[in-house]
Amino acid sequence: MPLVLCRVDDRLVHGQVVIGWGRPLAIEFVALVDGGVATSQWEQDLYRMAVPPEIEVRFAATEDAAARLAEWQASDRRGLLLTGDIETMAALHRASPAVVHRINLGGIHHRAGRRERLPYLYLTDDEARALVALEADGAEVFAQDLPTSPVVELRNIV
Amino acid sequence: MTGRWRALLRLFAVQGTWNYERMLGVGMGYAAEPLLEDLKTVDPVRHGEAVVRSAEFFNCNPNLAGLALGATARAEYEDVPGPQIARLRTALCSPLGSLGDDLFWAGLVPALVGLALIAVVFGAGWWAILGFLVLYNAIRVGTAVWALKAGLDAGMRVGSAISASWIPRAIARIGPLAGAGIGLAVPLVAGWYLRGFGWSGGSGALAIAAAGLAVARWFGPSLTGVRFALLSMVLLLLFRRMGL
């Protein structure tokens with residue numbers, strides 16, 4: 001089965017991902033793409049602790065993940081691709097536009113320079129422009145924190 | 001490091017300023033302030049940075065927030081680089097959210113509610129409610145005290161401390177107890193409520209339960225418990241108006 005969800009969430013692995021999306025989508029592995037986490041054993045241990053044993057967590061830096069997208073897509077297990085920022089997801093989209101096609105904005109939270117677009121989505125103007133560019137490049141971008149929440153298309157956010 | 005008890009008391013209000021922008025962040029900053037006080041005299045610049053860092057975005061189960069609070073406060077005193085502490089805070093959101101939710105919301109609360117309901121059915125009355133409140137809050141407070149101490153003791157090694165602690169073992173035990181408690185309580189409470197309604201009342205309740213299962217399969221996760229309960233109430237009122 002392919003990667004069934006490509007999600008940007010700066011909290012990375014947490015309840016909304018594992019329970020909220022993981023259960024209804026029957027996720028069997030999470031591909032967590034973050035350069036810092038990929039080289040930090042203690043961070044990996046913490047993220048693994050948040051996931052039930054039946055879900056595997058695969059850690060990768062952006063370049064490594066880009067090279068493994070085809071392998072994950074061809075896997076017989078259902079996967080969720082997870083990045084902590086838009087830049088990383090955009091790089092993965094550029095590496096494989098067919099695999100990383102529909103991009104879910106699940107949680108990007110407050111930090112200096114970001115403005116509230118939705119209660120769970122804060123973006124700087126540069127980030128908003130990057131998302132528009134992603135759609136211009138053929139991706140479909142939508143915001144939805146949980147499967148039970150309404151889908152908000154990008155044009156209604158930026 | 002002084003101010004542990006003040007920090008603990010403030011932790012009980014950690015959700016007091018919950019908001020989408022920082023979630024528990026401001027509450028964590030408020031609770032961290034007494035712990036960071038001694039840093040002011042040692043390194044005022046670091047103290048300022050630490051206070052700001054402690055109030056950044058943070059989210060986890062509030063009952064385990066003390067682990068993150070204690071660990072990051074100790075890391076500040078140990079002069080761990082700021083970006084690394086920020087990464088620790090971010091990474092702790094995951095296990096402290098998931099383990100805390102498993103332990104409390106999916107384990108302890110349904111287990112104790114199930115036991116309290118069973119006790120009510122068997123005639124314990126208000127004592128069952130009181131017992132539930134006392135036991136639940138005793139465990140919650142005890143967990144908060146332990147969490148802050150464990151975090152302060154472990155610092156950056158808090159991940160190993162959590163793995164080796166009682167929490168994973170407790171989750172493994174409380175989950176089945178919650179399932180058994182609720183599984184036993186539901187038919188008992190249903191029978192208790194439906195006493196005197198006869199077969200028609202029982203059949204109606206069964207029909208609603210069967211409809212709930214069918215509709216849940218049809219609509220999937222978009223049908224939440226609250227939505228189904230509201231739908232059931234509307235249907236019941238409709239049936240009553242129709243004289244059924």
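In the domain assignment, chain B is split into domain 1 (4-195) and domain 2 (196-244). Everything here comes from a predicted model.

What is chain B built from? The overall outline comes next. For 244 residues the globule rule gives 18 Å, but the radius of gyration of chain B is 23 Å, well over that value, so chain B is more spread out than a compact globule. The C-alpha trace of chain B spans about 75 × 35 × 25 Å along its principal axes.

Inside chain B, buried residues account for 35% of the 244 residues. Looking at contacts in chain B between residues at least 6 apart in sequence, 74% of them join residues at least 24 apart.

Then there is the partner. Where chain A and chain B touch, 21 residues of chain A are in contact with 22 residues of chain B. On the chain A side, the elements giving two or more residues are helix 1 (15-21) and helix 3 (41-49) of chain A. Helix 3 of chain A gives the most, with 6 residues. Sorted by class, the side of chain A that touches chain B holds 12 nonpolar, 6 polar and 3 charged residues.

Key. Residues numbered from 1 in each chain as written. Chains lettered and ligands numbered in written order. Predicted model: local features only at pLDDT ≥ 70, side-chain atom pairs only at ≥ 80, totals over all residues. Contact = placed C-beta atoms within 7 Å. Helix = DSSP H or I, 4+ residues; strand = E, 2+ residues; numbered from the N terminus. Nonpolar A, V, L, I, M, F, W, Y, C, P; charged D, E, K, R; others polar. Domains from an automatic or database assignment. Rg over C-alpha atoms; globule rule 2.2 N^0.38 Å. Buried ≥ 20, exposed ≤ 12 C-beta atoms within 10 Å, placed from the backbone.
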